[in-house]
Amino acid sequence: MSKVYLSGRFFILSVLLIVLTSSLYSQSAAIRGNIYNKANDEPIPFTNLIISGTNIGSTSDFDGNFIFKGLEPGSVRLEVSSVGFERKITEEYKLVNDSTVYIDIGMEKKDFELDEVVITASPFQSIDESPVSLRRMDISEIESNPGSNRDISKVVQSLPGAAFTPAFRNDVIIRGGGPNENTFYLDGIEIPNLNHFSTQGAGGGPVGIINVDFIREIEMYSSAFPANRGNSLSSVFEFRQVRGNSERMNYKGTIGASDLALTLDGPVGENTTFIFSARRSYLQFIFSVLELPFLPTYNAFQFKTDTELTDNSDLSFIGIGAIDQFSLNLDANDTEEQRFILDYLPVNEQWNYTIGALYRRYRDNGIDRLVVSRNMLRNFSYKYPDNNEDQPRTFDYESDEIENKIRYERNRELGSYNILIGAGGGYARYLNDTYQEIFINNQPDTIDYNSLLEIYKWNLFSQLTRKFRYDRLTISFGLRADGNNYSSLMANPFNQLSPRISSSYQLRDNFSLNASTGRYFQLPSYTTLGYRDNEGGLKNKKNDLSYISADHYVAGFEYNPTSQTIITIEGFYKDYNNYPFSLNDSVPLGTKSVDFGIYGDEEVTSSSEGRAYGGELLYREQRFEGLNIILSYTFVRSEFKDIRSKDFIPSSWDNRHIINLTATQKLPNNWQVGGKWRFSGGGPYTPFDIGLSEQTDAWDAQRQGYLDFSAFNSRRLPNYHQLDLRVDKKYFFDNFSLMLYLDIQNIYNFKSELPPNLLRETDENGNPLPPVIENGDKRYELKEIRNKTGTILPSIGIMFEF
């Protein structure tokens, strides 16, 4: 049936191609924008601009405004130069017919003019505060990333240091850190959830929430975090959004691999623009046709407004949210694997949203920013024995996480210094209602508690940056302190004092040495903070739970053999302290793998130590002729100290070798081809405790095997790799545009191996065997089966814009 479904999609595409290739199209795209000083938003007049690879140019007027008209549709970059400012090559912008792209370009002042030095602009821009471990992707790399199907969460797995797993999850695993160690910002506003059906307490999930139509650039910091970005141990992601059209309404419809989307943007009055989108998946229909035992449905919304209040102030509102629904497909029970999944898998549903506002005021020597936001997650999960709703639930979970945040920043220039100071605060409310039948200490038991937790948070931060020696040496020092009222330990900000320093020295015009070190803190998840025993006490508060810390040490060099090529080599070391230690399993919480549902909802102590270290090589090329290459190799070890032997044991993120190769090439007549090959060393896993799992009371409590934590992560999966290919074709007509793509994942059909499954033995009819009695104990007969995944997965995307 799946072949019929795919054939139908190919037939529809063929008909569209036949009809549309007979039409004619013209060229009437335009760019409008403004050039300004990044330090204070003052316009920069008489700036020279040229479209890369052409002789088409423009100059900004006295107010910094510029315009290009009559351009060919496609993707372009602008080369920008002005006396007294650093030359710049912008990220790529997508042009379509009968439409205008609006962009603002910030320029950085130069303190010195060296006649003997010729500085060539490069698309690989650096940030003084973070000269190491900062990677960028622009709109063309995001939209046409092979194998990602326009899913932002999959796109970021193409970045250096990012591991990937074959387990149908979008976990962000950076340089050996767990998926709970990252933070995400959308136009400077923190969003706690990046995925649909996210794992509460960890963040991973199968499908990304962010609509790629909104994103113009991604920045990933894997170290050297700016002082105004806290609560992260492994990475900080900045997603920057486009602005709506200020002249007329635009409409864009998308049929993707798993969902339908509609995006609108345009003006609202004279000084305001907006962009809005809604998406709904049709995965439930595909999964039903494929006879999978679960049927997910996700819905998403996203919006942004931008308002120019005065000549020196503006205001933006953003919003993003999801409604994720889930049901079991009880009719899909023909195979042993289907019945196993139906037997243990709980129903999991959730909804979440983030709304926020960003106010900016531009002064003569700096910028003020005020950010306020609110986010909420509601998570439901439950399970009936044998999926019989007439019986009492064996697992029943409902939880809310609510945060209200405020942050103020003042960025100013004071002579040769760039100074950032700021403060933030927040109020968090966590609710949890849990009932779960478990098997512990060799006997059945229940967890039954309600939790209400209210936390007030605060933070202070500052960063000082200066260039020396004719701008060749840059040093930046930052300091941050966090605290909250959870306990007296956490309330003392000196316990969470977070210094950081970075430096960059330009030995030659195209060669620099870079280094950074810092101490970073992260608050444990609300599921861990709010965990209570059956008597109602905050168990982990009694155990003196504290912030987790990680000390980063990074050093390397950057070499630009041409303006379109960059080569970097970095070594890194992360030293973890006060990581939560699971008392149930006697292993560090950070070493355990993450599954769907809830993570960290257990008793812990802040007693684990760990480390992640290695090296990273990046080669990147962006040619104006349309060739784009990203090649990275990361060697990483991720380990935690065994509390008994004091030896280091591998965490679940100890992949050791990670290779990412992405290449795309633009061709004539608006064609583009691309490929992505990824390799990841096999991760460690823990074998089953067969003796415990066989006990009927133990098996009936969770309907799957128990892990043998005395042999924790003692086994390792084989290496896995995958090749994805993609072909894009764009048609630009007088009044609308059509974009088509064919994406084929895992084209050589590699079979990845996951940890094995443990199932009950069955009779010739597929029914589980009754328990046997051994020495007075009832036991099930179990069998271990290999768990392989991977298939060729073709998909087609259709996007039309008018």
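Let me start at strand 38, which runs antiparallel to strand 39 (residues 671-680), with 10 bridges joining the two. Strands here are DSSP runs of E, at least two residues long, numbered from the N terminus, and two strands pair if DSSP finds at least two bridges between them.

A word on the source. This is a predicted model: local features need pLDDT of at least 70, side-chain atom pairs count only at pLDDT 80 or more, and totals for chains, interfaces and linings use all residues. Residues are numbered from 1 along each chain as its sequence is written, and side-chain values use heavy atoms, with hydrogens and water left out.

Back to strand 38. Ala-663 sits opposite Gly-675 in strand 39. The two strands make a hairpin with three residues between them, and Asn-669 in that turn has a positive phi of about 60°. Strand 38 (residues 656-667) is also joined to strand 36 (residues 627-641) by 10 bridges, again antiparallel. There, Thr-634 has Ile-658 as its bridge partner.

Next, an open sheet of three strands, in the order 4-1-9, with mixed pairing. Strand 4 (65-71) and strand 9 (100-107) are at the edges with a single partner strand each, so one side of each has no neighbour in the sheet. On average, neighbouring strands of this sheet are turned by 20° against each other, direction ignored; the axes are lines fitted to C-alpha atoms, and angles run from 0 to 180 degrees between N-to-C directions. Strand 1 (residues 29-37) runs parallel to strand 9, with eight bridges, and Ala-30 is partnered with Thr-100.

Last, an open sheet of four strands, antiparallel, in the order 3-2-6-7. Its edge strands are strand 3 (57-59) and strand 7 (88-89).
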